[in-house]
Amino acid sequence: MNEFEQQIYAAVYQIPSGSVATYGDIAKLAGYPGYARHVGKVLSSLPKDTQLPWFRIINSQGRISLKGTSLERQMARLREEGILVEPNGKISLKKYRWRELIDLN
DNA sequence: AGCCTGACTCCTA
DNA sequence: CTAGGAGCCAGGC
């Protein structure tokens, strides 16, 4: 496990329940601005039983980047936290985007 | 080196 | 709001 992954995990772990963050937010918070695509790469290789709130990560357009059953699973997890997710996977960044720690930097 | 790929992002139409 | 296209960066061939 390299330094990059460590930082990504640490950042994702901080996202509070009930809110979401974009790939770019996580990359930036982890100290690797511009590495949004790599955040997705790391998350795609997480073990199925991970404790990390990977489902709280969505793209900059406020939509879930997964498809098929994976998309269904992520929508379910988010709704369990009270987040409103439209049938097409759209989420209101305006309402749920995690800002707290990001603004502190 | 060159080309392709991807849980991305930004800008333009 | 959707569709392209360029820019992005590391990895695999």
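**Around the DNA**

Analyst: DNA strand C is surrounded by Gly34, Tyr35, Arg37 and His38. Of the atoms of DNA strand C that come within 4 Å of the protein, sugar and phosphate account for 62%. Keep in mind that this is a predicted model.

User: Which side chain has an N or O atom 2.7 Å from a phosphate oxygen of DNA strand C?

Analyst: That's tyrosine 35.

User: And what reaches a base oxygen of DNA strand C?

Analyst: Histidine 38 puts a polar side-chain atom 2.9 Å from a base oxygen of DNA strand C.

User: How does the surface near DNA strand C split by class?

Analyst: One residue is nonpolar, two are polar and one is charged.

User: Switching topic: where does threonine 22 sit, and is it buried or exposed?

Analyst: Threonine 22 is part of strand 1, which covers residues 21-22. Its relative accessible area is 4%, under the 20% cut-off, so threonine 22 counts as buried.

User: What does threonine 22 touch?

Analyst: Leaving out residues up to four places away in sequence, threonine 22 touches Ile57, Ile58, Asn59, Ser60, Leu93 and Arg97.

User: Okay, confidence. What's the mean pLDDT of chain A, and which elements are lowest and highest?

Analyst: Chain A has a mean pLDDT of 93, with 94% of its residues at 70 or more. Among its elements, helix 6 (residues 100-104) has the lowest mean at 53, while strand 2 (residues 57-58) has the highest at 98.

Key:
Residues are numbered from 1 along each chain as its sequence is written. Chains are lettered from A and ligands numbered from 1 in the order in which they are written. This is a predicted model: local features need pLDDT of at least 70, side-chain atom pairs count only at pLDDT 80 or more; totals for chains, interfaces and linings use all residues. Side-chain values use heavy atoms; hydrogens and water are left out. A residue is near a molecule or strand if one of its heavy atoms lies within 4 Å of it. A polar contact is a pair of N or O atoms within 3.5 Å; within protein, one must be able to donate a hydrogen and the other to accept it, and residues adjacent in sequence count only if both atoms are side-chain atoms. Ala, Val, Leu, Ile, Met, Phe, Trp, Tyr, Cys and Pro count as nonpolar, Asp, Glu, Lys and Arg as charged, and the others, Gly among them, as polar. Helices (H or I, at least four residues) and strands (E, at least two) are DSSP runs, numbered from the N terminus. Buried means under 20% relative accessible area, exposed over 50%, partly exposed in between (1.4 Å probe, protein chains only). Contact means heavy atoms within 4.5 Å. pLDDT is the predictor's confidence in each residue, from 0 to 100.
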